[in-house]
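Hello,

Here is the structure you are taking over. Please open it first, then read the notes below.

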Amino acid sequence: MRAVQFTDHGERDVIEYAERDEPERGDGEVLVDVKAAALNHLDVWTRRGLPGIDLSMPHVPGSDAAGVVRDGGETRFDEGDRVAVWAGVACGDCEFCRDGDEPLCVDYHIIGEHVPGVHAERACVPAENLVRVPEGVGWETAAAAPLVFGTAWRMLVTRAELRAGENVLVLGASGGVGHACVQIARHAGATVYATAGNEEKAEAARELGAEAVFDYTDENFADAVREATDGRGVDTVVDHVGKETWRDSLASLAKGGRLVTCGATTGGDATTDVNRIFWNQLDVLGSTMATRGEADDVLSLVWEGALEPRVRETLPMSEAAEGHRMLEERDGFGKVVLRPDSET
Ligand SMILES: [Zn+2]
């Protein structure tokens with residue numbers, strides 16, 4: 001079988017689509033024929049190399065995929081079942097797991113980041129990391145949704161406790177998490193503001209329900225948010241940009257507002273105006289991934305069509321490097337999907 005893999009960390013030229021041994025199904029695992037997979041920024045970080053993570057090489061990346069069960073072993077899955085991967089792996093036994101809050105697990109792993117991933121023709125996945133995909137849901141949708149919609153749901157619904165009638169600012173609405181946040185916030189009954197880097201992306205964000213979209217390349221978004229809200233600011237800001245936007249994200253919040261972050265693509269060493277936090281009584285909330293229950297909740301809305309991952313491009317796995325380029329250069333809106341070359 002063939003898989004996307006790299007033997008050394010580095011730039012995009014380390015990515016290859018190579019012949020590998022068939023994965024061997026362990027206890028509690030399911031062998032899946034992958035029909036579609038999706039890229040996340042995490043795949044870029046993993047390729048470049050993350051501190052403290054020592055991978056066994058060559059490494060197959062990839063946290064999102066969907067396909068058909070080839071061999072379910074003794075699990076609850078049977079040959080022919082339609083499934084999608086939920087990439088979060090928790091120990092099940094630490095104090096946080098016992099409380100049911102898997103993303104806080106002291107030994108939390110992500111498929112594709114710490115352990116072999118699913119950008120391959122076939123993959124072995126623990127049964128508890130598979131969700132059923134109803135007939136009628138396309139493979140691209142099933143592959144593109146889990147990681148970003150799960151992450152966005154926990155950020156907005158669980159952590160920021162977004163409520164109908166509130167307003168929210170979503171930074172970087174063209175990215176996977178950003179475009180999921182716009183849809184979830186709108187679905188929750190909030191007024192959504194967003195930022196995007198060009199008019200085409202802004203139009204796509206408006207189509208998904210954003211009330212107004214600010215072009216961060218030619219205006220200060222904190223000023224634009226103040227103007228759009230009669231000087232009040234927003235109840236919640238979703239920031240996954242980090243250093244570049246942090247100050248303005250805090251400056252966009254109304255009194256008592258919440259800033260929720262799930263990443264720092266431009267760097268983590270941001271400057272915080274502490275006076276603004278205590279005087280305006282702001283909450284700064286971190287979030288990562290989701291519990292399997294949260295993923296189930298949001299995916300059921302995706303399966304019924306209330307939320308929908310947008311696909312910016314579908315590529316054969318042999319062109320995975322081009323997909324990495326699109327993410328790194330913020331080229332396009334929504335998700336990049338990969339399909340095994342044998343499926344295209
Ligand atoms: Zn745990």
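**The metal site**

The arrangement around the zinc ion is tetrahedral because its four donor atoms subtend angles of 103 to 116° (four donors count as tetrahedral if all angles lie between 85 and 135 degrees). The model is predicted: local features need pLDDT of at least 70, side-chain atom pairs count only at pLDDT 80 or more, and totals for chains, interfaces and linings use all residues. Residues are numbered from 1 along each chain as its sequence is written, and side-chain values use heavy atoms, with hydrogens and water left out.

The protein donors are the SG atoms of Cys-91, Cys-94, Cys-97 and Cys-105, 2.3 to 2.4 Å from the zinc ion. Donors here are N, O and S atoms within 2.8 Å of the metal (3.2 Å for Na, K and Ca). Their spacing in sequence is C-x2-C-x2-C-x7-C. Cys-97 counts as buried because its relative accessibility is 11%, whereas Cys-91, at 37%, counts as partly exposed (buried is under 20% relative accessible area, exposed over 50%, partly exposed in between, with a 1.4 Å probe and protein chains only).

**The two domains**

The domain assignment gives domain 1 (2-145 + 309-343) and domain 2 (149-286); such bounds come from an automatic or database assignment. Their C-alpha centres lie 28 Å apart. In the contact (heavy atoms within 4.5 Å) are 14 residues from domain 1 and 17 residues from domain 2.

Two salt bridges are counted between the domains, a salt bridge being a side-chain nitrogen of Lys or Arg within 4 Å of a carboxyl oxygen of Asp or Glu. Arg-154 and Asp-101 also form a salt bridge through their side chains, at 3.0 Å from N to O.

Regards

Technical notes: Tetrahedral: all angles 85-135°; square planar, octahedral: opposite > 155°, others 65-115°.
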